[in-house]
Amino acid sequence: MKALILPGIFACLASSAQAAEICNKSSPVHTVALLELYTSEGCDSCPPADKTISRLYQSTGLNSEQVIPVSLHVDYWDYLGWKDVFAKKTFTDRQRNLAELANTRSVYTPEIFIGGKELRSWRNGMADDIRRINQKPATASLRMGVEKLADNKLYFNLQGNSMQDAKLHFALVEQGLVSKVQAGENRGATLQHDFVAREWGEAYQLTAGKVANFATQLNLPANAKRKNLSVLAFAQDKQGNILQALSLPLCETLQQ
């Protein structure tokens with residue numbers, strides 16, 4: 001059975017009926033690599049990994065059509081004296097789930113997964129691993145359309161079509177975050193973070209060979225800078241493999 005593969009496009013369309021700008025984007029025909037960094041402000045070995053992710057596009061020459069990074073802050077180092085304000089138990093649970101799928105009981109920071117698989121050698125470079133994923137034809141297609149920001153919520157539509165049963169995950173991601181750490185292993189440091197997952201939605205089910213559409217929303221953090229926000233979506237099978245990923249920045253009219 002062939003998957004419905006939508007061509008990669010990005011457009012901001014003005015709607016005369018609604019007098020509002022709508023942002024849309026579709027995934028490409030190749031597989032986009034999802035790079036997940038598990039990190040914590042309470043971990044003194046994490047800042048170098050955070051910098052690696054922040055500089056990923058510049059250092060590799062790649063772009064969001066090839067790799068989409070997301071930084072998930074875990075909460076299990078908070079007991080060391082500094083509570084990471086970006087940490088969520090949801091992210092810790094996801095890291096543990098990926099570890100279980102890899103038949104390992106241990107989790108640690110910083111830890112990187114690419115395409116749902118742990119990459120221990122990331123310090124030696126990741127470009128080749130990413131390009132190998134890009135060489136694979138996509139087995140799922142995704143499309144997103146952001147509708148509006150209202151009542152501190154972002155409203156958008158998701159469409160997914162997969163060649164196999166999968167979960168459709170989505171999240172709100174923010175760039176340019178800064179923290180002045182007052183305690184713990186990084187006491188006195190000013191930490192900068194990019195591609196940080198701020199909100200994480202409840203995954204939708206995709207049934208093999210069937211196009212599915214979802215109208216959904218994510219809360220907007222009170223201190224979020226709209227110009228730095230994007231929406232992430234990705235399809236993942238039950239073995240943990242990332243079938244496709246897509247990132248959509250907010251259009252300019254929604255950044256005000």
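This is a predicted model: local features need pLDDT of at least 70, side-chain atom pairs count only at pLDDT 80 or more; totals for chains, interfaces and linings use all residues.
Biologist: Which residues in H3 are buried?

Modeller: The buried residues of H3 are Phe91, Thr92, Arg94, Gln95, Leu98 and Ala99. They lie on the same side of H3, because they cover an arc of only 160° around the axis.

Biologist: What does the face turned away from the buried side carry?

Modeller: That face of H3 carries Lys89 and Glu100, which are exposed residues.

Biologist: Changing topic, where does Thr60 lie?

Modeller: Thr60 lies in helix H2, which covers residues 56–60.

Biologist: Is Thr60 buried or exposed?

Modeller: Thr60 counts as buried, because its relative accessibility is 18% and the cut-off for buried is under 20%.

Biologist: Which backbone atoms lie within reach of a polar atom of its side chain?

Modeller: There are two to look at here: the backbone oxygen of Leu56 lies 2.7 Å from a polar atom of the Thr60 side chain, while the backbone nitrogen of Leu62 lies 3.2 Å from a polar atom of that side chain.

Biologist: What does Thr60 touch, not counting residues up to four places away in sequence?

Modeller: With those residues left out, Thr60 touches Ala127 and Arg131.

Key. Residues are numbered from 1 along each chain as its sequence is written. Side-chain values use heavy atoms; hydrogens and water are left out. Helices (H or I, at least four residues) and strands (E, at least two) are DSSP runs, numbered from the N terminus. Buried means under 20% relative accessible area, exposed over 50%, partly exposed in between (1.4 Å probe, protein chains only). A polar contact is a pair of N or O atoms within 3.5 Å; within protein, one must be able to donate a hydrogen and the other to accept it, and residues adjacent in sequence count only if both atoms are side-chain atoms. Contact means heavy atoms within 4.5 Å. The arc is that of the directions from the helix axis to the C-beta atoms.
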